[in-house]
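This report concerns selected backbone and surface features of one protein structure. The sequence and coordinates are shown first.

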Amino acid sequence: LADGTVMLLDAMGNTVWTASGDSAITAISCNHDAVIVGCRSGLILRLDQAGQLQWQQRCPFRNERIYWPYWFLTTPEVAALASGRDDKRNLDLIVAGTGSTNLIFLNAATGKHLDDVISPYGLPDRIRVHLHPVTGESQFMVGHSQLTCCSSVRVWNPQAKQEICYEKSLIPKGRTDYGWDSCSLVELQIQALGPDQSERVIVLRQGAVNQLTVYDQATADPLWDATLGGAPVALVVRSRYEAGDARCFVAEQFGGIVGFDAQGE
């Protein structure tokens, strides 16, 4: 809640427990049976099943790029949280995107700060965890919806190294292919669009160009684009594969909804 309260409710809506952060709650996730909570101040809490504090860690604010203040918040606000596995180090991870546009990698069990990298460019408030289809390793797909000129989706491995970037379009319509495209990320999904397809990365962009692009997950090659008539605000991807059934639905700002099949029609 805005006052820093975290509540666990049962199936009937009854309060099971409450806990408190030090400022407004801005992100929440889970790691096994624990609840991971991020606050506007940059504080991250791990709460157990009873709502008891297991650890807390404060995200640092990186100010080495303060000459571009329009890409930053005034606090290291936790904008997104995700949990994944680092098999090489045999530990679970918490990854946080913060208001100083960096990614914080924490040991999920102890809260220990492991890595800290800049996420270019903007507020990294879209993080999805994906398991590599061959290695089974966790991958952290990160994008920015605010304070950004960049709609690229970058993939980071558990050791905080960038592996791949989804940014090109088959038909750019004015978008650049090197990140500075005056667009932002609205939504990101990872799934197959047909029974015989490999996984796809589905990226919805808005800004200078309003566009839905589907990528090959392994190569980051764009497979098809769909230019939208209005500013998109939401994406839903269906998992049914019947012939002729639309798979991707986009809602636009002023009430329009458009659906696309697996080939972008």
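Which residues make a nonpolar surface patch of about 290 Å²?

## Basis of the model

The model is predicted: local features need pLDDT of at least 70, side-chain atom pairs count only at pLDDT 80 or more, and totals for chains, interfaces and linings use all residues. Residues are numbered from 1 along each chain as its sequence is written, and side-chain values use heavy atoms, with hydrogens and water left out.

## Nonpolar surface patch

The patch of about 290 Å² is made by L1, M7 and L9. Patches consist of residues with over 30% relative accessible area and no salt bridge, with like charges joined within 9 Å and nonpolar side chains (Val, Leu, Ile, Met, Phe, Trp, Tyr) within 5 Å. A salt bridge places a side-chain nitrogen of Lys or Arg within 4 Å of a carboxyl oxygen of Asp or Glu. Accessible areas come from the Shrake-Rupley method with a 1.4 Å probe; for residues, only the protein chains shown count as cover.

L1 lies in the segment before β1 (5-9); strands are DSSP runs of E, at least two residues, numbered from the N terminus. With a relative accessible area of 53%, L1 is exposed (exposed is over 50%, buried under 20%, partly exposed in between).

## Backbone geometry in loops

P120 and Y121 are joined by a cis peptide bond, with omega about -10°. Y121 belongs to the loop between β10 (113-118) and β11 (126-131).

A160, not a glycine, has a positive phi of about 65°. This residue, A160, is in the loop between β13 (153-156) and β14 (162-166) and counts as buried at 7% relative accessibility. S182, also a residue other than glycine, has a positive phi near 55° and is found in the loop between β14 and β15 (183-191).

Technical notes. Helix = DSSP H or I, 4+ residues; strand = E, 2+ residues; numbered from the N terminus. Buried < 20%, exposed > 50% of the residue type's maximum accessible area, 1.4 Å probe, protein only.
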